[in-house]
Amino acid sequence: MDASLPIRVASQGSVPWLSLIVLLPAIGALLMPLLPKEVNSGSNLPRNLALGILLADFVLILGVFSNLYIPQSPELQLVERINWVPFIGLEWSLGVDGISAPLVVLSGLITLLSAAASWKVESRTRLYFALLLLQASAQGIVFLSQDFLLFFLAWELELVPVYLLIAIWGGNRRLYAATKFILYTALASLLILISGLALALSGGEFTLNLGELTDRSFSGTIGILCYLGFLIGFGVKLPIFPLHTWLPDAHGEANAPVSMLLAGVLLKMGGYALLRFNVQMLPEAHLLLAPALIVIGIVNIIYGALNAFAQDNVKRRIACSSVSHMGFVLLGIGAIDALGISGAMLQMISHGLIAASMFFITGSFYERTNTLSIPNMGGLAKVLPITFAFFVASSLASLALPGMSGFISEITVFLGITSQDAFTSLFRAITIFIAAIGLVLTPVYLLSMCRRVFFGPRIPALAIVNDINPRELSIGLSLLVPTLVIGFWPRVAINLYEASTNSLAEALMRFTT
Amino acid sequence: MKHRYSHKSLSNDALTMPEMGAILLSTQFMAAPDELLSLSINAGAVAPEGCVLLAMLGTLIVDLAGEKAASRWAPPICYAGLGAALLLLAIQWDTPLEPSFLGAFLADKLAIAFRAVVALSTLLSLLISWRYAEQSGSPVGEYAAILLAATLGGMLLCGSTDLVSVFVSLETLSVASYLLSGYMKRDSRSSEAALKYLLVGSAAAAVFLYGASLLYGISSSTNLQEIGIALLNSPTPLAALALVFVLATVAFKIAAVPFHQWTPDVYEGSPTPVVAFLSVGSKAAGFALALRLLVGCFGAFDEQWKLLFTVLAVLSMSLGNVVALAQSSMKRMLAYSSIGQAGFVMIGLVCGTEEGFASMVVYMAAYLFMNLGAFACIILFSIRTGSDQISDYAGLYQKDPLITLGLSLCLLSLGGIPPMIGFFGKIYLFFAGWADQQYLLVIVGLVTSVISIYYYISVIKMMVVKEPQEASEVVKTYPPIQWKTIGLPPLRVALISCVLITAIGGVLSNPLFQWANNAVAGTPLLQEAIELTTQRALV
């Protein structure tokens, strides 16, 4: 850690790398309206510009994180702090630690691939890619911000692009889905703002800096109330059981690239914020309410899985499986030990990759079949063998087949709960038992969907379609290869965040004794 | 009526500058020779208003020369007058504080800030009105002169510190506003709006006069500061009655629920540029009046008026934002939204802290640009299509990207979506409210902001999301865009500058916050109130 110190200090004074990472896409978004209007129909210029910028951004993320970021240190690195509007405590304050780093990499990758997957977007391309780039900036700030208000600003900023992305380029019920999304999220952000304000104004001098807020201890009623406010606010994004109803609509109605973004990045914002605010900032309240989180997590797993059975639409079924899988994140966070939190982190990364790949493959065969209704499909396996292989591979990853990343993350969460002595053994046994039922349900609904979509009588729409093209192949591989790599060698991902999750768990332990 | 003047706030320069007016007036004050020496008119304080007055006279004169000369010369004269007024206000910012007209007017920083908002709102309203006035076939010179008269009243109102000057400027503003709202003589809705406004406004003026006479009876003075001291020494039940009357007038001017009944009808019937002025300039003057009367004069009834204003704010935010959901006319929607927006500003007023007042100033300045930007867009749309219906905006993105983008940004800003300027203003208001433990107000404000996002975004949805084949008939027959017609270039300037400030001003808003805090810090009236509030909090 001592060796790392000079580098960190040096990076503070020199290039503001993190600002570059988050601002590059926004600059690209501002360039979009300047493109000539003729390109609005048919030309590839907006897409190529967006792709170029997102690729540059992803390369920048990888370069900065592999050269300047020291994963062994649990501390905040590459810190940038500039006073912005001091009267409301707003600071341009960015920093990266183990909780942010993997998610920034994940969101960079998913956004790049989602732009690459937006092949079929032909109307209003300038607007589409401008919104996509704006969204990329906003999510980057959410993951890297070290100032509550900046975090909130980015959290709200992302509302409008996503709303328009769903409302303009979505399916038949896109307006309903988009409105539902924005109302849920906007109402949730009320609670986030109120809780953040309450924390900033209680106990000492007014500050919105996350580090300074973490150093304070919020005990008693105020801590618990703010914890609940944050839990509900972030729970809408994650989503948590009774607050999830926007998700099947939004994910089901959005087009495939936007669904990739929603499942791959937006849900992770909820999980990230739970770790950053509820666990890191309010450890006392978290220790008190952790069992409740576990209960909600179990409900999520079972309810999501059962819900998935009832869906006749491929995308809605995958969306419900997301609800189920994010339950494991809650379970891991609720386990309050290093293993559990590590499992939750890994589950977020792995689900981001797997869900994005499932939505991507779905989008790719939707372009060929023009239907997503499971009863109307069949026989795709013969015509689209590679698509079939990809879909089955993603499904296997999603149902946590050993050798895939989902297996590692879910098993880590289980281990985290079993090894937590703070809970009674009965509680642990019941938790594991019910969650295991969820594990059994996942293959049932996923594989039955595979069977109904890919086998059986061939549907008429498949008469003259071609199988997956090289572009789609490379996007699919970019998502599946990391899943496999993490599955066989989880250290790749775990090393990125382990120091931070360990120190988080240690901080929690300090409060138990 | 006897004017008094307090010695302590007098600066030494006043004695060395005996002006003609002071000497003339001194004959009336033989009874109090010691006060004679301290008399000074200090007319320089109203120099900005003088510029506006000159511009008004100038437009009236060119109007005599005929329609053509008026439409040629009225605009430059107005720009020059308002520009000079703004310049003089900027120069006035750092001059030492000194009451003028024997204590009837005070150009403190609060007054300067609000006068600047009023003058700027007039300037922008004028820029967007030429084409509209031209198209409606009404005389341009007359219109500009009446609008400048309203501005004159509004600006004087912001600095008035005497019941008489308050009433005179209030009436100048009101009478000019009645004329403006009835300006479209051939439109029956416009006449209806003017009549409604006149009747309700006269009733409000009468109520104010009654309250003012009660105050004079209690304190035997018309100076607000002295009334404040008198009330502090002997708070009588009669004074509470006066408070209610005065408060009703203020609430009428800022269109707070339940004194808002006139707003939707007047806004819908009046010419749109007039509505733009009424919703910003007139409201800013109303808030300045609220600060002068309630904070400056009714310090003794602090708790009472704050309670009343809490109720008004909650009602305004809820009713304004909820009823706006159901509107099908753009102007009516903006009318209800402006009621809700005034409710947000009231949060700052109720706080009574440094941040509270500063956030009011910030939000008024932000509201000036975002609301006038939105009005510029709907005026341009109505010039091109003749419609104000929200449903007629369907599919506009394809035909007119500028209006779509401008209106979207301004509406998002009104809804408080980052990174627009409205987000920063609103956050400041909520922070101030929360810090002062006005939890109810902040929570109502937050919930109603979400509701407001819904109706603002439904307009954006109408414009952006609809496919070309779903476009309204009006949009399908949209005229080709051209800017060469008389009056359109200034409209474009106003539109683009408002939208730019709305979009970028938020990110670069630190100077605005700095300015607002300086304004509050440099106003003795507010500092005294803040001291009072903090003392009460400590007790």
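A salt bridge here is a side-chain nitrogen of Lys or Arg within 4 Å of a carboxyl oxygen of Asp or Glu. The model is predicted: local features need pLDDT of at least 70, side-chain atom pairs count only at pLDDT 80 or more, and totals for chains, interfaces and linings use all residues. Residues are numbered from 1 along each chain as its sequence is written, chains are lettered from A and ligands numbered from 1 in the order in which they are written, and side-chain values use heavy atoms, with hydrogens and water left out.

**View 1. The interface of chain A and chain B.** Chain A brings 34 residues to the contact and chain B brings 32 residues (contact: heavy atoms within 4.5 Å). The buried area is about 3200 Å², with 80% from carbon and sulfur atoms. Buried area is the accessible area (1.4 Å probe) that two parts lose on being put together, summed over both. A:Phe87, A:Ile88 and A:Arg124 supply 20% of the area that chain A buries against chain B, more than any other three residues. Three residue pairs are in polar contact across the interface, both residues at pLDDT 80 or more. A polar contact is a pair of N or O atoms within 3.5 Å; within protein, one must be able to donate a hydrogen and the other to accept it, and residues adjacent in sequence count only if both atoms are side-chain atoms.

**View 2. The side of chain A that touches chain B.** Four elements of chain A each supply at least two residues here: β1 (77-85), α6 (148-157), α7 (159-169) and α8 (174-201). Helices (H or I, at least four residues) and strands (E, at least two) are DSSP runs, numbered from the N terminus. α8(A) gives the most, with 13 residues. By class, this side has 30 nonpolar, one polar and three charged residues. Ala, Val, Leu, Ile, Met, Phe, Trp, Tyr, Cys and Pro count as nonpolar, Asp, Glu, Lys and Arg as charged, and the others, Gly among them, as polar.

**View 3. The largest pocket.** About 1900 Å³ of space lies in this pocket. On a 1 Å grid over the protein atoms alone, a pocket is an open set of points with protein on both sides within 12 Å along at least five of seven lines; a cavity is a set where a 1.4 Å probe fits but cannot get out. Lining residues have an atom within 4 Å of a point. Grid points are joined across faces, edges and corners, and a volume is the space filled by probe spheres set on the points. The lining counts 49 residues; A:Ala29, A:Leu30, A:Leu134, B:Leu405 and B:Leu409 lie nearest the centre. Elements of both chains each supply at least two lining residues, among them α2 (17-31) and α5 (125-144) of chain A and α20 (439-465) and α22 (488-504) of chain B. α18(B) gives the largest share, eight residues. The lining divides into 40 nonpolar, seven polar and two charged residues.

**View 4. The largest cavity.** The structure holds eight cavities of 30 Å³ or more. The largest has a volume of about 160 Å³. Its lining has 16 residues, with A:Phe152, A:Glu156, B:Gly416, B:Leu446 and B:Ser449 closest to the centre. Two or more lining residues come from each of α6 and α8 of chain A and α19 (421-435) and α20 of chain B. The classes are 10 nonpolar, four polar and two charged.

**View 5. The second largest cavity.** This cavity holds about 100 Å³ of space. Of its 13 lining residues, A:Asp57, A:Ile61, A:Ser107, A:Gly108 and A:Ala136 are closest to the centre. α2, α3 (45-67), α4 (101-117) and α5 of chain A each give two or more residues. Seven lining residues are nonpolar, five polar and one charged.

**View 6. A salt bridge between strands of chain A.** A:Glu91 and A:Arg81 pair through their side chains at 3.0 Å, N to O. A:Glu91 sits in β2 (residues 90-96) and A:Arg81 in β1, 10 residues apart. Over all chains, the count is 21 salt bridges.

**View 7. Backbone features in loops.** A cis peptide bond joins B:Val257 and B:Pro258, with omega about 5 degrees. B:Pro258 is in the loop between α11 (237-253) and α12 (262-269) of chain B. Another cis peptide bond joins B:Pro418 and B:Pro419, with omega about 0 degrees. B:Pro419 is in the loop between α18 and α19 of chain B. A:Arg124 is not a glycine, yet has a positive phi of about 50 degrees. A:Arg124 lies in the loop between α4 and α5 of chain A.
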